[in-house]
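Have the model open beside you as you read.

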Amino acid sequence: MAIQAVFIGIDKYYDPAIPELNGARRDATALWALFTDTIKGLNSQLLINDEAIHFKVKNAVLGILSNACDDDVVIITYSGHGSPDGNIIMFDTDLGDL
C-alpha cells in the first residue's frame, strides 16, 4: 500500500478580479507539513499560489490517480476559491471565462 498526496493552497490569483485570501497557502502548507512529518514514505506534492496553475494541478492529481493501486491511499486537499457551479479556481483561472 502506498500513500500519495497533493496539497493545494491559493491566496493570490493572476486575475485581479478574484479577491485574495489570507489563509489558503498557510492551510495547505500546514497540512503538507503535518502529513509529511507523520506518515513515513508519503509521496506528496505541495502546490501554492503561482505554482497551482491548471496544468500543474491537473497533472499532479491525474498522475497520482492513474498510478494508484486498489489498496493505495490518495489524499487531495484544496484551499482557495470555488466557482458558483462547484469548480475549484486555480491561480491562472480567468474569472470572465469560467
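Let's begin with Asn49, which sits in the loop between β2 (43-48) and α2. This is a predicted model, and in it the phi angle of Asn49 is near 45°, a positive value in a residue other than glycine. Is Asn49 buried or exposed? Asn49 is buried, because its relative accessible area is 15% and the cut-off for buried is under 20%.

In soluble globular proteins, nonpolar side chains tend to be buried together. Here the largest nonpolar core has 14 residues, and those with the most contacts inside it are Val6, Ile8, Ile10, Tyr13, Leu47, Ala52 and Val57. Both β1 (3-9) and α2 supply at least two residues of this core. The most comes from α2, which gives four residues.

Val57 touches Ile8, Leu47, Ala52 and Met90, if residues up to four places away in sequence are not counted. Tyr13 belongs to the loop between β1 and α1. Leaving aside neighbours within four places in sequence, Tyr13 is in contact with Ile18, Pro19, Leu21, Tyr78, Gly80, His81, Ile89, Met90 and Phe91. Along the chain Tyr13 and Ala24 are 11 residues apart, while in space they are 12 Å apart, C-alpha to C-alpha.

**An aromatic pair**

A pair of aromatic rings is described by the distance of the centres and the angle of the planes. The count in this model comes to two aromatic pairs. One of them is formed by Phe7 and Phe35; this pair is tilted, at 5.4 Å centre to centre and 55° between the planes. Which parts does the pair tie together? Phe7 lies in strand β1 and Phe35 in helix α1 (residues 24-38), so the pair links parts that are 28 residues apart in sequence.

**Out to the surface**

Leu62 is placed in helix α2 (residues 54-67). Together with Leu65 and Ile76, Leu62 forms a nonpolar patch on the surface, with about 260 Å² of accessible area for the three together.

| Residue | Relative accessible area | Class |
|---|---|---|
| Phe7 | 0% | buried |
| Tyr13 | 8% | buried |
| Asn49 | 15% | buried |
| Leu62 | 47% | partly exposed |

Leu62 counts as partly exposed because its 47% falls between the cut-offs of 20% and 50%.

Definitions and conventions: Residues are numbered from 1 along each chain as its sequence is written. This is a predicted model: local features need pLDDT of at least 70, side-chain atom pairs count only at pLDDT 80 or more; totals for chains, interfaces and linings use all residues. Side-chain values use heavy atoms; hydrogens and water are left out. Patches are made of residues with over 30% relative accessible area and no salt bridge: like charges are joined within 9 Å, nonpolar side chains (Val, Leu, Ile, Met, Phe, Trp, Tyr) within 5 Å. Accessible areas come from the Shrake-Rupley method with a 1.4 Å probe; for residues, only the protein chains shown count as cover. A salt bridge is a side-chain nitrogen of Lys or Arg within 4 Å of a carboxyl oxygen of Asp or Glu. Buried means under 20% relative accessible area, exposed over 50%, partly exposed in between (1.4 Å probe, protein chains only). A nonpolar core is a set of buried Ala, Val, Leu, Ile, Met, Phe, Trp, Tyr and Cys residues joined through side-chain atoms within 4.5 Å. Contact means heavy atoms within 4.5 Å. Rings of Phe, Tyr and Trp (its six-membered ring) pair if their centres lie within 6.5 Å; planes under 30 degrees apart count as stacked, over 60 as edge-to-face and the rest as tilted.
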